[in-house]
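Dear colleague,

I am writing to hand over the structure placed below. My notes on what was found in it follow, and I would be grateful if you read them alongside the model.

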Amino acid sequence: MSVLTQLFAVAWFNLRSLPERKAAALTAAVGIAGVVGVLVGVLAIAEGFRRAMTVSGSPDVAVVLRSGADSEMTSGLERDATRTIADAPGVARNSAGPLTSAELFVIINLPKRTTGTDANVPLRGVEQGAFDVRGNITVIAGRRFATGRNEVMVGAGAARAFGGLDIGKQIKVGQNAWDVVGIFTANGGLAESEIWTDTAVLQPAYHRNSSFQSVYVRLTSAAAFQEFKDALTTDPKLNVKVLRLSDFYEEQSTAVTKFITTIGVFIATLMGLGALFGALNTMYSAVAGRTREIATLRALGFGAGPVVVSVLVESVLLSIVGGGLGAAAAYLLFDGYRASTINWQTFSQVTFAFRVTPLLLGNAIAFATVIGLLGGLFPALRAARLPIASGLRES
Amino acid sequence: MKFLLLIWAGLKRKKLRTALTLLSIFIAFMLFAFLGALKEALSGGVSMAGLDRLIVRHKVSLIQTLPESYKARIQAVAGVAAVCHQTWFGGIYQDPKNFFPNMPVEPAEFCAMFPEFVLSDAAKNSWLNTRTGAVVGRATAKRFGWKIGDRIPLRSPIWGEPSGQSQWEFDLVGIFDGAKKGTDTSQLFFRYDYFEEARQQQKGQVGWYTVRIADPDRAGTIAAAIDREFANSPYETKTEPEGAFAQGFAQQIGDIASIVMAVVGAVFFTILLVAGNTMVQSVRERTEELGVLKAIGFSNLRVLLLVLIESCCIAMLGGFCGLGVAWLIIASGNPIPSLLPVFILPTQSLITGALLAVALGLVAGVLPAWQAMRLRISEALRRGA
């Protein structure tokens, strides 16, 4: 028999005898399923958070802050500066004027719906240009806030996570009451965790008179960024730093993303080890239970190679089945699950949804396969090196 | 005692399998221990909060400041024993990655309000005599290798530059330790009078007040009284017990913490399921031997105990080693001090883990032990492995 035929024969024989070892096989598969499911779950958190932070960062939108500021809250720009920024080269314009929005970012406390305890919710004052600048704001209920009035519109994520943000309700912030008039989405981006209102109304409420904190600008094209940045950084009247929106968001999310990813990798490593030992145990038992059969096969003339491969095939198959089950369960349970947490860099809540991407699932199943391979390798080698005579004698 | 030999022999029967099972359990309990440390790090502030302290902050949000003049008015509220304030400085030491909290405070009142920060009298005096003096917690001092006498430069994006200089500089006059195991010793405190004089904006404003009350049972009434004092003013306050305040913060991280807990819990049980099954298998393989034991006169109870104890031995050995090694690793240092100010393994986690290890041994062993006990000798001897 050729080696290949032997291989198929022995492997098929092994697989057909699996039902006899149902319990052990099932346990191994369930073990791997659990490990894979959990891995996908944890990485889905990191992916979901990352996506919420970066999906809204289009390459042709820039943000201008005061030089040295590490977040909008520590930045400050005067009205004249915002006018100069709006007139800089590279800024897109429409019939109404330059597409810019000078904004103010503050934090208010609202109770979380799940726990009732206070959470830091971002309240952003924007100018009318903000909708064109961001480009992905869609009002899904109610309407936009009107300029000059104490009205707010609420991001869909914030409306879901925090209490008191339904259309028609009022939120009381200090001495001021604001009417909630609309709910908007922003393609899953950061703005959905925020509450928006008119800057001109927010400024006096917070005693900020003519100062803003950031200017969001839509550029004529992504390539115009350098020109825009150079014009502003070389202007002696201005003391600003200019970033692409995508870079800005990435900067703002490093702490939390790093935290989640570190924990995720750590858990994955430990889990992988645990699963590996479990798989090794199962496969060693499987091989030990079939000592006589393997010895018989070897006595008949099957080579060591096919025996090794057959054990590996069994192990990998179990892992892939378990991994597939775990991945499917994770996808069903976790994809789209909504959560929120505090981004320490902006000191405010970010709402996000778990995201189980195909890449993530692929990685998880690959992880399971590796565990299966390693878990089956040593038992397979042992099976191949079994002395035939003593193996035949075994009961 | 003599039966221990039997148990030992049972364990040594298939050394590789025992070793692998031990290792799986070891990993599972290591995970459990790290989970306990993480949970403590994310929510530990709650258990460390003072029972007789309240936090007074701006009603709208913590980032809004309060006037310093409120101090006298809070002191005048009935039931208030002491008041001190702190302000978020947000100082950066060289690189934003090196984050640690730093706050200006009034030294004498601060030390009296927070006895959990243990500072030597010499350091306290030094601080009172040095205007630019600062004290720092042991964790941060170790992290950067600071010694008393060092000059610490900080720059603050929030407060800008101090008048006359390009960055804020402080003289390290003391290093404080925590009175209890979980106390946060990552902060740096400097003097409010220096801060007030040198800052160029929002003079006369502070971040929040900590209030000590004489009678913790009256916390609710006193908190309401303080808030009433400042109601309808330009700076309305919200007062709550320190524990509730810390809990609120823990809840803000909240979802992440509970998700990670649930996730790791699931892993823990999965790994244990596999380990448990192995132990069940190993007993089933020895049906014949158990039959022999019963034939020579071991009572049913003895056989049951034998199997149970063997199962518990594996579980406890793996579990205790896992907890122990994790404890050693955690004690050796904090991997991400800028995100987790406190990184310790709480004793409660250790005890829970130990109990879980015993429980695992019992649960994994009970079914095969029961079957072993009920074995009919003739069947067992006939079965042949």
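If neighbours within four places in sequence are set aside, Thr18(B) is in contact with Leu11(B) and Ile314(B). Please note that the model is a predicted one. Thr18(B) belongs to helix H2 of chain B. With a relative accessible area of 17%, Thr18(B) is buried, because residues under 20% are counted in that way.

**A buried strand residue in chain B**

Val135(B) is part of strand S6 of chain B, residues 133–137. Is Val135(B) buried or exposed? Its relative accessibility is 2%, so Val135(B) counts as buried, the cut-off being under 20%. Apart from neighbours within four places in sequence, the residues in contact with Val135(B) are Leu119(B), Trp127(B), Leu172(B), Val173(B), Gly174(B), Phe176(B), Gln187(B), Leu188(B) and Phe189(B). One of these deserves a separate remark: Gln187(B) is 52 residues from Val135(B) in sequence, while their C-alpha atoms are 8.5 Å apart in space.

**A helix in chain A**

Helix H7 of chain A spans residues 225–233, and its buried residues are Phe225(A), Phe228(A) and Leu232(A). Down the axis of H7(A), the buried residues fall within an arc of 70°, so they line one face of the helix. The cover over these buried residues includes strand S1 (61–66), helix H3 (79–86), strand S13 (214–218) and strand S14 (240–244) of chain A.

Most residues other than glycine have a negative phi.

- Phe347(A) is not a glycine, yet has a positive phi of about 60°. Phe347(A) sits in the loop that runs between strand S15 (338–343) and strand S16 (348–353) of chain A. The relative accessibility of Phe347(A) is 17%, so this residue counts as buried.
- Gln94(B), likewise a residue other than glycine, has a positive phi near 65°. Gln94(B) is placed in the loop between strand S3 (80–86) and strand S4 (102–105) of chain B. Its relative accessible area is 61%, so Gln94(B) is exposed, the cut-off for that class being over 50%.

How many helices and strands does chain A have? Chain A has 12 helices and 16 strands. Its radius of gyration is 30 Å, whereas a compact globule of 395 residues would have one near 21 Å. Along the principal axes, the C-alpha atoms of chain A fill a box of roughly 95 × 45 × 30 Å. Of the 395 residues of chain A, 56% are buried. Among contacts in chain A between residues at least 6 apart in sequence, 78% join residues at least 24 apart.

Chain B contains 14 helices and 12 strands. The radius of gyration of chain B is 29 Å, well over the 21 Å that the globule rule gives for 385 residues, so chain B is more spread out than a compact globule. The box filled by its C-alpha atoms, taken along the principal axes, is roughly 95 × 45 × 35 Å. Buried residues account for 54% of the 385 residues in chain B. For contacts in chain B with a separation of 6 or more, 81% are between residues 24 or more positions apart. The accessible surface of chain B is about 17100 Å², and 61% of this belongs to carbon and sulfur atoms. There are 38 positive and 30 negative side chains in chain B, and the centres of the two sets lie 14 Å apart.

With kind regards

Methods. Residues are numbered from 1 along each chain as its sequence is written. Chains are lettered from A and ligands numbered from 1 in the order in which they are written. This is a predicted model: local features need pLDDT of at least 70, side-chain atom pairs count only at pLDDT 80 or more; totals for chains, interfaces and linings use all residues. Side-chain values use heavy atoms; hydrogens and water are left out. Helices (H or I, at least four residues) and strands (E, at least two) are DSSP runs, numbered from the N terminus. The radius of gyration is taken over C-alpha atoms; the globule rule is 2.2 Å times the number of residues to the power 0.38. Buried means under 20% relative accessible area, exposed over 50%, partly exposed in between (1.4 Å probe, protein chains only). Contact means heavy atoms within 4.5 Å. The arc is that of the directions from the helix axis to the C-beta atoms. Accessible areas come from the Shrake-Rupley method with a 1.4 Å probe; for residues, only the protein chains shown count as cover. Lys and Arg count as positive and Asp and Glu as negative; His and the chain ends are not counted. The place of a charge is taken as NZ of Lys, CZ of Arg, CG of Asp or CD of Glu.
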